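The sequence and structure come first.

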Amino acid sequence: MEFDIREIITVGMVLFAVIDIVGSIPIIIDLRSKHGQIESEKATAVAAIIMIVFLFTGEELLKIIGIDVNSFAVAGSFVLFFLALEMILGIRIYRDEEASSASIVPIAFPLIAGAGTMTTLLSLRSQFYTINIVVAILLNIIVVYIVLKSSSKIEKLLGENGLGVIRKTFGVVLLAIAVKLFAANVKGLFV
């Protein structure tokens, strides 16, 4: 158990980029206008529980189906790569169907704790200490909560161009992390 501020910052940045809560502000505002008030507390609590439970049980689940962590990490690097391309190029390679209500399902899952986040968590677990990942998850959940609570104020403050710059910047960071994750785990596939 190694508590390391640098690891927490690195993992936190990766999760922030993958969750992309700032880039999701237009989706959140749209859901809020269609379905009324979003329960920020409930959505963030459920997302945190999903991520932490998957962090600890995901590897066992992989063992049950016969997949090693290196294989999952390499697969995760591809998911991160395509998520980064979406963010940088402003295209949609994959998106879930639109939700019919603004309950926990569209916000907590898959918007916050979706497939990309789950893949990322297990991929990160192969490189970083679990305690640092948990702290990074909790820090991101705090940011998610703040963004959900003040999404309309943030949108007005940043504007469309500001949101675009943030999204592209984190896309480039995510792309670099995907390459690093692939390089670090691909060797393990051939051992």
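## Salt bridges

Glu60 and Lys63 are both in helix α3, 3 residues apart, about one turn of the helix. Helices here are DSSP runs of H or I with at least four residues, and strands are runs of E with at least two, numbered from the N terminus. An α-helix has 3.6 residues a turn, so residues three or four places apart point the same way. The side chains of Glu60 and Lys63 form a salt bridge at 3.6 Å, N to O; the term stands for a side-chain nitrogen of Lys or Arg within 4 Å of a carboxyl oxygen of Asp or Glu. Glu60 is partly exposed at 45% relative accessible area, while Lys63 is exposed at 53%. In this report, buried means under 20% relative accessible area, exposed over 50%, and partly exposed in between, with a 1.4 Å probe and protein chains only.

The count by this rule is 4 salt bridges. One of them joins Lys149 and Glu41 at 3.3 Å, N to O. This pair links distant parts of the chain, with Lys149 in helix α7 and Glu41 in helix α3, 108 residues apart. Lys149 is partly exposed at 43%, and Glu41 is partly exposed at 44%. Lys42 and Glu39 form another salt bridge, at 3.7 Å, N to O. Both ends of that pair are partly exposed: Lys42 has a relative accessibility of 43% and Glu39 one of 47%.

## Model and conventions

The model is predicted: local features need pLDDT of at least 70 and side-chain atom pairs count only at pLDDT 80 or more, whereas totals for chains, interfaces and linings use all residues. Residues are numbered from 1 along each chain as its sequence is written, and side-chain values use heavy atoms, with hydrogens and water left out.

## Nonpolar core

The largest nonpolar core has 50 residues, and those with the most contacts inside it are Ile21, Met51, Ile107, Ile112 and Leu174. Such a core is a set of buried Ala, Val, Leu, Ile, Met, Phe, Trp, Tyr and Cys residues joined through side-chain atoms within 4.5 Å. At least two residues of this core come from each of α1 (5–19), α2 (25–35), α3 (40–65), α4, α5 (104–112), α6 (115–125), α7 (130–149) and α8. The largest share, 8 residues, is supplied by α7.

Ile112 is in contact (heavy atoms within 4.5 Å) with Ile19, Ile21, Ala47, Met51, Ile107, Thr117, Val144 and Leu148, leaving out residues up to four places away in sequence.

## Helix α6 and Met118

How many residues of α6 are buried? The number is 9 of 11, so α6 is largely enclosed by the rest of the structure. The buried residues are Gly116, Thr117, Met118, Thr119, Thr120, Leu121, Leu122, Ser123 and Leu124. Their cover includes α1, α3, α4, α5, α7 and α8.

Met118, in helix α6, is buried at 11% relative accessibility. Leaving out residues up to four places away in sequence, Met118 touches Ile50, Phe54, Phe72 and Ala113.

Thr44 belongs to helix α3 and is buried, with a relative accessibility of 5%. The side chain of Thr44 reaches the backbone oxygen of Ser40 at 2.8 Å. Beyond residues up to four places away in sequence, Thr44 touches Ile141, Val144, Tyr145 and Leu148.

Gly12 lies in helix α1 and is buried at 15% relative accessibility. The C-alpha atoms of Gly12 and Asn132, 120 residues apart along the chain, are separated by 8.9 Å.

## Surface patch

Phe78, Phe81, Phe82, Leu89, Ile91, Ile93 and Phe182 make up a nonpolar patch on the surface, with about 620 Å² of accessible area together. Patches consist of residues with over 30% relative accessible area and no salt bridge, with like charges joined within 9 Å and nonpolar side chains (Val, Leu, Ile, Met, Phe, Trp, Tyr) within 5 Å. Accessible areas come from the Shrake-Rupley method with a 1.4 Å probe, and for residues only the protein chains shown count as cover.

Helix α4 (residues 69–89) gives the largest share of the patch, 4 residues. Phe182 is in helix α8 (residues 151–186) and is partly exposed, with a relative accessible area of 32%.

Terms used:
Polar contact = N/O pair within 3.5 Å; in protein donor to acceptor, adjacent residues only side chain to side chain.
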